[in-house]
Amino acid sequence: MTQETVASTSDAVLDREETISRDELEALQLSRLQHTVAYAYDRVPLYKRKFDEAGVHPTDLRELSDLGKFPFTTKEDLRLEYPFGMFAVPQHEVARIHASSGTTGRATVVGYTKKDLADWAKLVARSLRASGVRPGMKVHNAYGYGLFTGGMGAHAGAEALGCTVIPISGGQTERQITLIQDFKPDAILATPTYLLTIADAMIKQGIDPASTSLKYAVLGAEPWTEEMRHELEVTMNLKACDIYGLSEVMGPGVAGEAVETQDGSHIWEDHFRPEIIDAFDPSVVLGDGEPGELVFTSLTKEALPIIRYRTKDLTRLLPGTARPAHRRMGRITGRSDDMIILRGVNLFPSQIEEIALRIPELSPHFQLELTRPEGHRMDQMTVKIERRDTVTIESGAAAAKVLQQQIKIHVGSSCMVDVVEPGSLERSNGKLRRIYDMRPKG
Ligand code: DLL
């Protein structure tokens with residue numbers, strides 16, 4: 001892989017695109033965007049059909065804001081084109097395929113040319129480097145390998161950066177701990193809730209999670225909060241940074257967080273053009289700083305160019321800091337399809353995480369149960385949360401009351417809180433399921 005690089009002010013060598021001016025970046029975006037829409041229109045029947053139906057043509061894209069005239073792409077589009085209808089290159093040029101698990105219907109399939117894989121590795125390498133990982137470090141990769149993009153995507157990026165990769169994948173927590181103790185990795189790549197599982201299991205084995213060799217954690221694939229960052233950093237004595245991505249757009253490494261600022265992931269805008277739209281009225285493109293749904297257009301992808309993909313992730317765009325030309329994304333508050341509507345109040349599991357972790361007696365292990373009791377028209381939410389193991393049942397019960405009040409104050413919903421025994425709730429192996437919806441269907 002050829003990578004044009006320049007020296008940075010810190011100890012790392014950055015890609016040239018990380019240091020260019022916003023003007024230069026936007027000029028690059030425009031030319032890449034013009035190429036991508038024409039390329040998608042010419043090669044993917046779905047895009048030709050959608051553009052024609054919307055009455056737009058690739059030549060209508062004269063400036064960046066013209067992107068708003070183009071139709072969106074959704075997960076449903078990818079499902080309907082299952083398996084390979086979205087591919088813009090013949091199958092023999094597709095070097096790798098990944099797919100989502102398809103919990104709610106058909107899997108969504110994505111493909112990569114050799115160049116796409118090289119770009120992906122470069123962007124994951126860039127993200128890891130931003131988060132403090134350096135060539136020569138040992139990297140314990142606990143993202144799941146397989147069709148999920150996390151494992152292989154993070155793996156290739158760590159290799160491209162020049163690290164020694166330990167491809168352990170997710171699960172087998174005891175074994176993870178043994179290898180962390182024996183191989184002494186500098187960095188760990190995992191979902192935040194799986195890192196929590198590892199830390200928790202260490203404590204059970206009498207190992208102090210703060211005593212390991214780990215100095216950096218690069219965490220993503222699910223929403224997490226500043227409170228969770230604090231919890232993990234203190235428990236494990238390391239620096240934890242965010243990495244964001246989604247398979248339809250590439251996989252991990254669409255955006256990555258800088259360790260020196262820890263203020264949200266920088267979207268690598270030389271490869272992706274982000275927009276924020278009003279989730280309820282998608283025709284409205286919102287300005288920087290305004291919360292809404294994140295939309296991405298790929299700028300360099302060959303096998304699966306993606307135009308205005310609606311991620312369903314809710315966040316906002318913020319100005320670049322550590323990488324000034326590349327805007328940051330705020331923390332993902334949740335996905336629009338994970339939003340709980342409880343008696344008219346919208347809420348996300350991340351809000352509960354934020355509130356619960358401010359109560360010292362409560363642990364980060366919680367689940368949300370939604371029920372509609374017999375004869376009731378109203379839904380009920382029960383927060384099942386473990387008390388910390390140093391806390392008595394009585395103190396746990398008092399903390400439950402505090403949590404209930406705080407949720408009422410900050411979220412505006414009344415709910416039940418059930419403080420349970422430490423270790424009694426299911427632990428994460430990757431992406432953790434927080435919501436258990438037991439309401440009658442229909
Ligand atoms: O989760 C890719 C990934 C792997 C990202 C490893 C980071 C690390 P998908 O399985 O397609 O891909 O799921 C994508 O996960 O739309 C978000 O809802 C969520 N997500 C990913 N990263 C973050 C993050 C991978 N840092 C979906 N914060 C996305 C919050 C995230 N949510």
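**Ground rules.** I number residues from 1 along each chain as its sequence is written, and I use heavy atoms for side-chain values, leaving out hydrogens and water. Since the model is predicted, I take local features only at pLDDT of at least 70 and side-chain atom pairs only at pLDDT 80 or more, while totals for chains, interfaces and linings use all residues.

**Ligand shell.** I looked up the residues around the ligand (one heavy atom within 4 Å) and found 19. The closest are Asp242, Ile243, Ser247, Asp313 and Lys431. By class, the shell holds 9 nonpolar, 5 polar and 5 charged residues. I count Ala, Val, Leu, Ile, Met, Phe, Trp, Tyr, Cys and Pro as nonpolar, Asp, Glu, Lys and Arg as charged, and the others, Gly among them, as polar.

**Atom distances at the ligand.** I then listed N and O atoms. A polar side-chain atom of Ser247 lies 2.7 Å from a ligand oxygen. For Lys431, a side-chain N or O atom is 2.8 Å from an oxygen of the ligand. At Ala221 a backbone N or O atom sits 3.0 Å from a ligand nitrogen. The ligand taken alone exposes 600 Å², of which the protein buries 92%; the areas are Shrake-Rupley values with a 1.4 Å probe.

**Elements in the shell.** Two elements give two or more residues to the shell: α6 (149–161) and β9 (239–246). The largest share, 5 residues, comes from β9. Helices (H or I, at least four residues) and strands (E, at least two) are DSSP runs, numbered from the N terminus.

**Annotated span.** An unreviewed UniProt entry annotates residues 344–439 as "domain: AMP-dependent ligase C-terminal"; such annotations may be inferred rather than shown by experiment. I find 27% helix and 30% strand in this span, with its end C-alpha atoms 16 Å apart.

**Aromatic pairs.** My search of the whole structure gave 7 pairs (ring centres within 6.5 Å; planes under 30 degrees apart stacked, over 60 edge-to-face, the rest tilted). Phe84 and Phe87 are stacked, because their centres are 5.2 Å apart and their planes at 25 degrees. Phe84 is partly exposed at 40% relative accessible area, whereas Phe87 is buried at 10% (buried under 20%, exposed over 50%, partly exposed in between).

Phe272 and Phe296 have centres 6.3 Å apart and planes at 75 degrees, so I log them as edge-to-face. This pair links strand β12 (residues 272–277) to strand β14 (residues 292–298), its members being 24 residues apart. Both Phe272 and Phe296 are buried. Ring pairs also join Tyr41, Tyr47, Phe51 and Phe70 into a cluster.

Conventions:
A polar contact is a pair of N or O atoms within 3.5 Å; within protein, one must be able to donate a hydrogen and the other to accept it, and residues adjacent in sequence count only if both atoms are side-chain atoms. Rings of Phe, Tyr and Trp (its six-membered ring) pair if their centres lie within 6.5 Å; planes under 30 degrees apart count as stacked, over 60 as edge-to-face and the rest as tilted. Buried means under 20% relative accessible area, exposed over 50%, partly exposed in between (1.4 Å probe, protein chains only).
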